[in-house]
Amino acid sequence: MAPKADNTEGIVLNFVNEQNRPLNVQNAADALQKFNLKKAAVQKALDNLCDSGKMSFKEYGKQKIYLARQDQFDIPDTEELNRMKEENANLQEKLNEQKKAISEVEAEMKSLQSNLTMEEIHARESKLRKEVDEMEKKLIKLREGVTLVSPEERKAIEGLYSEALNQWRRRKRMFRDVWDAITENSPKNPKEFKEELGVEYDEDVDVNFQSFADLIQHGKKHR
């Protein structure tokens with residue numbers, strides 16, 4: 001149920017005075033929807049309030065801008081304004097101090113939350129002890145000369161490694177063939193063209209193919 005006309009004007013007047021800033025009818029209607037006021041009712045109330053001198057308006061083209069009467073407000077003098085500015089500065093400083101204190105408390109809470117409980121510490125200690133025991137057993141086997149990798153597993157790994165090296169060698173050769181064909185008749189400087197495309201050779205990233213190939217021979221010597 002919509003408010004009565006006189007009550008509507010009271011609601012609109014209170015809103016305009018509280019806002020104390022330029023408003024158009026749409027601003028007021030949007031804000032006063034909570035009072036179940038339609039735009040037409042708000043428009044009528046604004047015009048009636050202006051006619052009765054309780055507020056004023058200015059026209060900008062076809063749009064009216066409504067204003068609260070400023071003579072109803074106490075305007076502070078220069079001394080009071082300076083006092084208010086100083087008080088505002090003090091409040092801002094206190095606010096910053098409170099924010100800093102809150103940040104410190106939050107940081108301390110996060111720190112406390114990140115600490116392990118006694119139960120978690122015991123669980124982690126048990127897990128670490130188990131890992132240490134397993135590593136010590138492996139170390140003992142290594143010292144005794146026990147082979148931890150079977151010949152079959154070693155052969156399979158070497159086969160995969162050799163195949164990877166062959167693929168590496170083959171792709172290097174294919175790239176070189178294509179690169180030489182492109183740069184042979186290109187007006188661009190090959191080095192500059194290479195940098196422009198972001199191409200990197202093995203040596204550019206400190207990778208030596210032969211050092212990887214030698215690992216196979218080194219492994220065979222130590223069997």
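Reader: How many aromatic pairs does the count come to?
Author: This is a predicted model. Rings pair here if their centres lie within 6.5 Å. By this rule, the count of aromatic pairs is four.

Reader: Is the pair of Phe 175 and Trp 179 stacked or edge-to-face?
Author: The ring centres of Phe 175 and Trp 179 are 5.8 Å apart, with 20° between the planes. Planes under 30 degrees apart count as stacked. So the pair of Phe 175 and Trp 179 is stacked.

Reader: What separates Phe 175 and Trp 179 in helix H6?
Author: An α-helix has 3.6 residues a turn, so residues three or four places apart point the same way. Phe 175 and Trp 179 are four residues apart in helix H6, residues 151-184. Their separation is therefore about one helical turn.

Reader: How many residues apart in sequence are the parts tied together by Phe 175 and Tyr 201?
Author: Phe 175 and Tyr 201 form an edge-to-face pair, 6.2 Å centre to centre, with 70° between the planes. Phe 175 lies in helix H6, and Tyr 201 lies in the loop between H7 and helix H8. So the pair ties together parts whose distance in sequence is 26 residues.

Reader: Which residue lies over the face of Tyr 201 at 4.1 Å from the ring centre?
Author: Tyr 201 is buried, at 16% relative accessible area. The charged end of Lys 194 sits over its ring, 4.8 Å from the centre. The residue at 4.1 Å is Arg 176.

Reader: Which residues do ring pairs link into a cluster?
Author: Phe 175 pairs with Trp 179. Phe 175 also pairs with Tyr 201. Ring pairs link a cluster of Phe 175, Trp 179, Phe 193 and Tyr 201.

Reader: What does a side-chain oxygen of Asn 189 reach at the start of helix H7?
Author: Helix H7 covers residues 190-197. Gly 198 follows H7, with a positive phi near 75°. At the start of H7, the oxygen of Asn 189 reaches to within 2.8 Å of the backbone nitrogen of Lys 191.

Reader: How many residues has the largest nonpolar core?
Author: In soluble globular proteins, nonpolar side chains tend to be buried together. Val 12 and Phe 15 are among the residues with the most contacts inside this core. The largest nonpolar core has 19 residues.

Terms used: Residues are numbered from 1 along each chain as its sequence is written. This is a predicted model: local features need pLDDT of at least 70, side-chain atom pairs count only at pLDDT 80 or more; totals for chains, interfaces and linings use all residues. Side-chain values use heavy atoms; hydrogens and water are left out. A nonpolar core is a set of buried Ala, Val, Leu, Ile, Met, Phe, Trp, Tyr and Cys residues joined through side-chain atoms within 4.5 Å. Buried means under 20% relative accessible area, exposed over 50%, partly exposed in between (1.4 Å probe, protein chains only). A polar contact is a pair of N or O atoms within 3.5 Å; within protein, one must be able to donate a hydrogen and the other to accept it, and residues adjacent in sequence count only if both atoms are side-chain atoms. Helices (H or I, at least four residues) and strands (E, at least two) are DSSP runs, numbered from the N terminus. Rings of Phe, Tyr and Trp (its six-membered ring) pair if their centres lie within 6.5 Å; planes under 30 degrees apart count as stacked, over 60 as edge-to-face and the rest as tilted. A charge sits over a ring if NZ of Lys or CZ of Arg is within 6 Å of the ring centre and within 35 degrees of the ring normal.
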